[in-house]
Amino acid sequence: MSGGYKLGTVNENALFTDHIIMVEPGVEGTLINVPKDGEYNVTQTLCQVQTSKGVKDCRLSHMWPVRKPRPVIEKVKADKPLLTGQRVLDALYPSTLGGTCAIPGAFGCGKTCISQALSKYSNADCVVYVGCGERGNEMAEVLEEFPALKTKVGDEEHSIMKRTCLVANTSNMPVAAREASIYTGITLAEYFRDMGKNVAMMADSTSRWAEALREISGRLAEMPADQGFPAHLGSKLAQFYERAGKVQCLGLPDREGSISIVGAVSPPGGDFSDPVTAATLEIVQVFWGLDKKLAQRKHFPSVNWNISHSAYDKVLTEYFNSMDKDFMTYKKTFKTILQLENDLIEIVQLVGKDSLGEDQKATLKVAELIKEEFLQQNVFSDHDCNCPLWKTIRMMKVICIFYEQCKKAVSDQGTSNKPMTMAYIETNFGGPIIKKISDMKRYLPSTDPETIEKSCKELDDLADFIESEFRRVMNQ
């Protein structure tokens, strides 16, 4: 027997059916007492292993120092996305199962809402939520709201708390506890990962953890660096995020697990040049930058598409192409439109919209559709609280086809003698098309194959309808 060897399973609940009982890492020897079926508590001996140093008792619990990473056979390449149910994240700035993400944003930008969406709709098997240095009433809200959040398994609804662990270290707790809470959370995540699970860990927030680190460093009379933070802040953050990743687990049977870390950062006043934010951005591969101005306009999730980025595009290209071979083209088109709109807005503010060309007006119109109908989501509606990937891809396809047809119409007049303009398209035949595009988000998310197939066909038919309608008008 060796570390990670499977001794048996415990049935936790409907969301976490197989809690694997494993031999502790570092234990190696011969099994001298075979585990028997029955009821045990975490302190009772399940079986014993004869090691070179004596007899080791195996229990339902493991003792492990939280600052030391649990061992694995090797890290492997991540190839599947961490799906969040948020269109802007899944489509434009995806992360992998085993990736590292940062969500920096000022107070009220929706960091906790994104964390809750991840907990409820992500494709992770279990979730570890660490509240480090947050206000007590905020953790109380999490404790009240998380049990009320439901997810469906088959035809039954279950509370997401059944697959969630909460680590609560509020701002009124001892500074050493706050500093240790992040390590406690990641060690819990490693324990579940060693079972072969995909774990999503939310750290809310790493800024408060860094402040606790600064306080401890000050009491130890260490040399301060920028804004009083210790000089080894970047090293500590890197050691924490290094524990994420997809791995081949120890023991038999062979299994793979992953830890995805999503770290919320709370820079003072939303200043991204803050030392904690700057150090985090040098380490993580995905950056979901939240914008206070978007949040004030009630645009949620308030992810700023001009500053956010993901380094996992190449890794996930094969996966997304298996869903739709043109997905990466749609994504590139979306980013191009949003970037062009950002430049055109400045021109409009200086000389007015009438000075723009018709193709530029088409870009502005489609950018408005993307921002209002695609990037925004309403967490309180049944149809928009969660957007599965099949729906996201088809929404992107329809919008891209509308954009291509608009540009083609205003540049190529076809057999019509009348000049085709965006105003003509919107007032004559484009109105019903835009209405259909706006209604795309109203397709209910579903796990039923028949419903998904029907919805996909209707969205594909909409794309064909847009092309045929433009062709009809151009050939009149």
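Strand 14 (residues 198-204) and strand 16 (residues 256-265) run parallel and are paired over seven bridges, where pairing requires that DSSP finds at least two bridges between the strands. Within this pair, V199 has I259 of strand 16 as its bridge partner. The model is a predicted one, in which local features need pLDDT of at least 70 and side-chain atom pairs count only at pLDDT 80 or more, while totals for chains, interfaces and linings use all residues. Residues are numbered from 1 along each chain as its sequence is written, and side-chain values use heavy atoms, with hydrogens and water left out.

Strand 15 (residues 245-248) is joined to strand 16 by four bridges and runs antiparallel to it; Q248 has E256 as its bridge partner. Nine of the ten residues of strand 16 are buried, so the strand is largely enclosed by the rest of the structure. Buried here means under 20% relative accessible area, exposed means over 50%, and partly exposed lies in between (1.4 Å probe, protein chains only). The loop between strand 15 and strand 16 contains P253, and the peptide bond from L252 to P253 is cis, with omega near -5°.

Another cis peptide bond joins F300 and P301, with omega of about -5°. P301 belongs to the loop between helix 8 (292-296) and strand 18 (309-310), and K298 lies in the loop between helix 8 and strand 18 as well. Phi of K298 is near 60°, a positive value in a residue other than glycine, and at 62% relative accessibility K298 counts as exposed. A221 also has a positive phi, near 60°. A221 sits in the loop between helix 5 (206-219) and helix 6 (233-241) and is exposed, with a relative accessible area of 66%.

Four bridges hold strand 3 to strand 4 (residues 47-51); G29 is partnered by T51, and T30 stands opposite Q50. Strand 4 and strand 5 are joined by five bridges, with D57 as the bridge partner of Q48, and a hairpin of two residues connects these strands. Strand 4 has a covered face made of C47, V49 and T51, and an uncovered face made of Q48 and Q50. In a regular strand, side chains alternate between the two faces of the sheet.

Among the helices, helix 10 (residues 327-351) has 25 residues and should span 36 Å at 1.5 Å a residue, which agrees with the 36 Å between its end C-alpha atoms; the expected span is 1.5 Å times one less than the number of residues. Its buried residues include F327, Y330, F334, I337 and L344. The buried residues of helix 10 pack against helix 1 (87-92), helix 9 (313-323), helix 11 (358-375) and helix 12 (389-411), a contact being heavy atoms within 4.5 Å. Just after helix 10, G352 takes a positive phi of about 95°.The axes of helix 13 (residues 422-438) and helix 14 (residues 449-474) come within 11 Å and cross at roughly 170°. That makes helix 13 roughly antiparallel to helix 14, on a scale where angles under 35 degrees count as roughly parallel, over 145 as roughly antiparallel, 65 to 115 as roughly perpendicular and the rest as oblique. Among the residues making the contact are F429 and I433 of helix 13 and F465 and F470 of helix 14.

Over the protein, the secondary structure comes to 14 helices and 18 strands, and buried residues make up 51% of the 476 residues. The C-alpha atoms fill a box of roughly 95 × 55 × 35 Å along the principal axes.

Definitions and conventions: Axes fitted to C-alpha atoms, helices over the stretch in contact; angles between N-to-C directions.
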